[in-house]
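I opened my notebook to see how the chains of this assembly meet. Here is what I looked up, step by step.

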Number of protein chains: 12
Amino acid sequence: MSDHHTYKKIELVGSSKTSIEDAIENALAEAAKSLNLMEWFEVIDTRGHIVDGGVGHYQVTIKVGFRIVNS
Amino acid sequence: MSDHHTYKKIELVGSSKTSIEDAIENALAEAAKSLNLMEWFEVIDTRGHIVDGGVGHYQVTIKVGFRIVNS
Amino acid sequence: MSDHHTYKKIELVGSSKTSIEDAIENALAEAAKSLNLMEWFEVIDTRGHIVDGGVGHYQVTIKVGFRIVNS
Amino acid sequence: MSDHHTYKKIELVGSSKTSIEDAIENALAEAAKSLNLMEWFEVIDTRGHIVDGGVGHYQVTIKVGFRIVNS
Amino acid sequence: MSDHHTYKKIELVGSSKTSIEDAIENALAEAAKSLNLMEWFEVIDTRGHIVDGGVGHYQVTIKVGFRIVNS
Amino acid sequence: MSDHHTYKKIELVGSSKTSIEDAIENALAEAAKSLNLMEWFEVIDTRGHIVDGGVGHYQVTIKVGFRIVNS
Amino acid sequence: MSDHHTYKKIELVGSSKTSIEDAIENALAEAAKSLNLMEWFEVIDTRGHIVDGGVGHYQVTIKVGFRIVNS
Amino acid sequence: MSDHHTYKKIELVGSSKTSIEDAIENALAEAAKSLNLMEWFEVIDTRGHIVDGGVGHYQVTIKVGFRIVNS
Amino acid sequence: MSDHHTYKKIELVGSSKTSIEDAIENALAEAAKSLNLMEWFEVIDTRGHIVDGGVGHYQVTIKVGFRIVNS
Amino acid sequence: MSDHHTYKKIELVGSSKTSIEDAIENALAEAAKSLNLMEWFEVIDTRGHIVDGGVGHYQVTIKVGFRIVNS
Amino acid sequence: MSDHHTYKKIELVGSSKTSIEDAIENALAEAAKSLNLMEWFEVIDTRGHIVDGGVGHYQVTIKVGFRIVNS
Amino acid sequence: MSDHHTYKKIELVGSSKTSIEDAIENALAEAAKSLNLMEWFEVIDTRGHIVDGGVGHYQVTIKVGFRIVNS
């Protein structure tokens, strides 16, 4: 077995009507459909749309790190 | 009708005793008193005061983008 | 009495299974065990571990500012 | 007469279907409707919408500096 | 239907002998061969090669955001 | 009375022939003509013009935070 | 033949017990398994785990640029 | 004797009613009460409180580097 | 022959009444008067003067990289 | 047992005549004299002194993260 | 006469025992010995040496912009 | 003798087939051919070319600080 791993990071934007945390969870749930080895995330940017003078959607950009299979 | 718009961005600091999201909503509600065409916000900075060893107020700096009337 | 104070800032990483705000509160509660004069915090970075395709822990890096005793 | 001036900077987002330069000019033209003493601009961010696999609109964020009247 | 979407951002470098705008269009045209739901781009970096004391190629790094299918 | 306030930040450039501090004071004095509730400033950039091989004017860009009336 | 190319950049984290250079080489070797046209890399971040008061693994985040096939 | 040293950097905020330089000196004087081997400082941030339309206090954040004893 | 080269980077500000690209070309043309081995440029900043409510001059700051002779 | 931990990050500058990696190891070895629970490091800055036209000492600034005892 | 100019920017570090402004003036005075067309400066970094628990020298890094002769 | 010095910083890119440290040494050796008073360097960027799925050349951008003669 190798004594080191290699990881890849992808950049996602999750959205939610309710909270920043929910937007992060939504992005991770979407990524989990095609990735098995996700290990960590980093919040890069938080923004959102405004509707009727309040938050319409939070839009949270994250990077997700996952181990490359067999690395 | 013009085929392009112009937007202005202003910088606000919202505060809240309960959450980051509530501080954002408070800033937007205040801005909505004088602005009609707000479209998006960007979180610039998150900080707060400490009271009795815990968070007293969250202070969230956001930029708010709105379309200039008749642009 | 002096007409000025001096503050020190330390960097902490709080973690929580539930929310960004809770991670901040956990870091402040830990710091409050040894510091009396904490005045403000600044969020530096938000990230976390992923478990089963969702957030395992939020890890929030903050700087905490406190007044140096007798300064 | 004072030996110094004070300037204010505002942040605008100009848009254009044709070029980055045109988006800047559109933002300046809009600002010129209400400001007389504009002196310089700084490009902060360049982005845009995608339509049919190409650029729909360029969106250029600029800061505009103008002298405050009578300063 | 879900009340939220998830987006992915990829980083491309387009090049052109003629202009910054053309380099952006070239990168988008290439991406459009395999992506259907591209929505926005962000300019990250502008540079280029020098040939005979002038611009040989503009090289413009952009991020392209597109909606993940069925998200 | 509300348990939270909202603040706005504006960006100014003060100038002075003598010092960085004087340029900041000049910008604040100008802002004070129209704003009552200024609370803090942040220095963003320091630069200046050169005259006869020395500093002609210091130009200090600051952000000024003030509480929105009745917020 | 086209007079311009388009490149894609991906973000990888290589690791190594011995050196920063070795972590970069490990990431490139892993990427080379699926990419033919890699041209350059950029070091984004260097960090690592600590074991027994020394470096356990170096973890080096790089961006890898490669030409898109047939672009 | 070792052929290398190790240094630690701490972050302080000095304040002064009169000048940026005085705020730096105040922070250093406070640090000097407990540190013997301070070698350099770096200015990280300059801000302040506003009182009566002028500067109340300058608040200058600095990092102070000092050699670790016996390193 | 050496198996490696050394490059130097200088920082220039080109200006133009017509476009960002023209400002870059003007800076390169000026540099080419004294430098033979220029290889690449990087755009650092884009700004300009405003005249009559529109762009007077674009001012584009670039870094120019050239190989040191005989390196 | 708590379901979360709190970490502290300190900033160190390690130096070495031989390599960047050695400078990091020197800083960690020094920190290990007083800290038991170090978990990770982040490289913040790499610089050095020049002696006789070559590197005299590498000076590498790192942040070291360690778990607070009993957190 | 050309309708545009080209400028070059160089980076200097001025030092002074007394103030930040004096360090800037010292750097400009030194540059003025060999440059005729200096137009502006930008402060990049402010730091210094510590002597006897106070500021020994301020070290201020500036960029100086000057017009290239005959451009 | 003056009680202060002035330094200039230049930006170089050194390259090497073997290591980051070797690329730095190569840049310093080249600079030493024309500069006598080099005092320190700062690593600004690390990147490289990829050849056959591995590092072809490391390219390390550094700033070199040297005292201006007779300053």
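How many residues of chain A are in contact with chain B? I found 14 residues of chain A in contact with 14 residues of chain B, where contact means heavy atoms within 4.5 Å.

A note on my ground rules. The model is predicted, so local features need pLDDT of at least 70 and side-chain atom pairs count only at pLDDT 80 or more, while totals for chains, interfaces and linings use all residues. Residues are numbered from 1 along each chain as its sequence is written, chains are lettered from A and ligands numbered from 1 in the order in which they are written, and side-chain values use heavy atoms, with hydrogens and water left out.

**Entry 1: chain A and chain B**

I looked up the buried area, which is the accessible area (1.4 Å probe) that two parts lose on being put together, summed over both. Chain A and chain B bury about 1100 Å² between them, and carbon and sulfur atoms account for 59% of that. On the chain A side, α1 (20-32), β2 (38-51) and β3 (54-67) each supply at least two residues; these helices (H or I, at least four residues) and strands (E, at least two) are DSSP runs, numbered from the N terminus. The largest share, 5 residues, comes from β2(A).

Next I checked strand pairing, for which DSSP must find at least two bridges between two strands. β2(A) runs antiparallel to strand β2 (residues 38-51) of chain B, and 3 bridges join them. A:Gly48 stands opposite B:Phe41 there.

**Entry 2: chain E and chain A**

Here 12 residues of chain E are in contact with 12 residues of chain A.

Chain E and chain A have 2 between them, whereas the count for chain A and chain B is 0. A:Glu11 forms one with E:Lys63, the closest N and O atoms being 2.8 Å apart.

Strand β1 (residues 6-16) of chain A pairs with β1(E) in the antiparallel sense over 4 bridges. In that pairing, A:Gly14 stands opposite E:Thr6.

Technical notes: A salt bridge is a side-chain nitrogen of Lys or Arg within 4 Å of a carboxyl oxygen of Asp or Glu.
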